[in-house]
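Student: Could you walk me through this one? I have the picture open and would like to ask as I go.
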Amino acid sequence: PVMQLDKIIDEYKKISQFLNTRWPLKDEKQRIFARTMKIVEELGELSDEILTSMNLQRNSKIANFSRENLEDEFADVMGSLILLGIELNIDIGQVVERKITYTRQRLEMDKKD
């Protein structure tokens, strides 16, 4: 079964608590900085997988490409974003819903022709 967003966030809250206990940082600013840098790292890894999937990497990487690796890197980016949102005390579900509503309005998706 596919997890709903609220369940995903709950799981990442547990992960966040574990990370903050296992590798404690001095303060909130350091945690926010660390979470932000982790997003950059994971986005780089996802970018690498995408380039590999497009045959735009060296042959040894292309030979080892797997769709599962690409999906895992995508999930790592998403997880890192959620961890940053938790650190910033963002109500992730609420802001995602608000942004979807805004985007639908901006693109006039619900406009009757």
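Student: Which helix gives the most to the lining of the largest pocket?
Tutor: In this predicted model, α4 gives the most, with five residues, where a helix is a DSSP run of H or I with at least four residues, numbered from the N terminus. A pocket, on a 1 Å grid over the protein atoms alone, is an open set of points where a 1.4 Å probe fits, with protein on both sides within 12 Å along at least five of seven lines, and lining residues have an atom within 4 Å of a point.
Student: ok, and which residues lie nearest its centre?
Tutor: Of the 14 residues lining the largest pocket, L19, R35, K38, S80 and L83 lie nearest its centre.
Student: What's the volume of that largest pocket?
Tutor: The largest pocket has about 260 Å³, a volume being the space filled by probe spheres set on the points.
Student: New topic: at what angle do α1 and α4 pack?
Tutor: Helix α1 (residues 5-22) and helix α4 (residues 67-87) pack at about 75°, with axes, which are lines fitted to C-alpha atoms over the stretch in contact, 9 Å apart. That makes α1 roughly perpendicular to α4, a label for angles of 65 to 115 degrees.
Student: And which residues of α4 meet α1?
Tutor: A75, G79, I82, L83, I86 and E87 in α4 meet residues of α1, including I8 and L19, contact meaning heavy atoms within 4.5 Å.
Student: How should I read the numbering and the values?
Tutor: Residues are numbered from 1 along each chain as its sequence is written, and side-chain values use heavy atoms, leaving out hydrogens and water. Local features need pLDDT of at least 70 and side-chain atom pairs count only at pLDDT 80 or more, while totals for chains, interfaces and linings use all residues.
Student: Last one: what follows α5?
Tutor: α5 is followed by E108, whose phi is positive, near 55°.

Key
Axes are lines fitted to C-alpha atoms, for helices over the stretch in contact, and angles run from 0 to 180 degrees between N-to-C directions. Helices (H or I, at least four residues) and strands (E, at least two) are DSSP runs, numbered from the N terminus. Angles under 35 degrees count as roughly parallel, over 145 as roughly antiparallel, 65 to 115 as roughly perpendicular and the rest as oblique.
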